[in-house]
Amino acid sequence: MRKLLNTSMIYFVSAIIAGVFYREFTKLKGFTGETMLRFVHTHLFVLGMILFLVIALYCKAEHGLLQDQTFRRFFVLYNIALPFMACTMLARGILQVLNPALTRTVDAMISGFAGISHILLTIAVWMLFCAIRKNIADESF
């Protein structure tokens, strides 16, 4: 359970840093439009910090989930996919603020990486549901 709380705290700190970076970077560059940077903060809070806090609370009552192989795989994949997604959002947001001339290839590449990260995140969440369902099914009522 300590690992879940530590993971939640890491996402909390990352979300705070992302929020401060968004505010200061756009202010420094004099940017006033919409940018993907504003969503990185929220994604890390909700999909990172809050999710792992909820899982930790669940595991406090039901310890079996932590030993489940599917849950372990979820934990690894999710903690690869979410930072990957945040980095693609960060890259897209920085490019929106700086507004360089991008080739279609570079633009498509960033979109492709974002798509891959979302697919990996979806698979990881599915694994979480499977692990929780298996943990609930193993209980006797």
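Reader: At what angle do helix H1 and helix H4 pack?

Author: This is a predicted model. In it, helix H1 covers residues 2-29 and helix H4 covers residues 69-98. Their axes lie 11 Å apart, and the packing angle is about 5°.

Reader: Is H1 roughly parallel or roughly antiparallel to H4?

Author: Angles under 35 degrees count as roughly parallel. The angle between H1 and H4 is about 5°. That makes the arrangement of H1 to H4 roughly parallel.

Reader: How many nonpolar residues does the contact of H1 with H4 have?

Author: On the H1 side the residues include Leu4, Tyr11, Phe21 and Phe25, and on the H4 side they include Phe71, Phe75, Leu82 and Ile94. By class, the contact has two charged residues, three polar ones and 13 nonpolar ones.

Reader: Which element gives the most residues to the largest nonpolar core?

Author: This core has 28 residues, and Leu4, Leu44, Phe52, Ile55, Phe71 and Phe74 touch the most other members. Two or more residues come from each of H1, helix H2 (37-61), H4 and helix H5 (104-138). The element that gives the most, with 10 residues, is H4.

Reader: Which residues is Leu44 in contact with, leaving aside its neighbours within four places in sequence?

Author: Leu44 is one of the core residues that touch the most other members. With those neighbours left aside, its contacts are Met49, Leu82, Ala86, Tyr11, Ser14, Ala15 and Ala18.

Reader: What pattern does the protein chain follow along the sequence?

Author: The protein chain has zero strands and five helices. Read along the sequence, the pattern is α-α-α-α-α.

Definitions and conventions:
Residues numbered from 1 in each chain as written. Predicted model: local features only at pLDDT ≥ 70, side-chain atom pairs only at ≥ 80, totals over all residues. Heavy atoms only, no water. Axes fitted to C-alpha atoms, helices over the stretch in contact; angles between N-to-C directions. Helix = DSSP H or I, 4+ residues; strand = E, 2+ residues; numbered from the N terminus. Parallel < 35°, antiparallel > 145°, perpendicular 65-115°, else oblique. Contact = heavy atoms within 4.5 Å. Nonpolar A, V, L, I, M, F, W, Y, C, P; charged D, E, K, R; others polar. Core = buried A, V, L, I, M, F, W, Y, C linked by side-chain atoms within 4.5 Å. Buried < 20%, exposed > 50% of the residue type's maximum accessible area, 1.4 Å probe, protein only.
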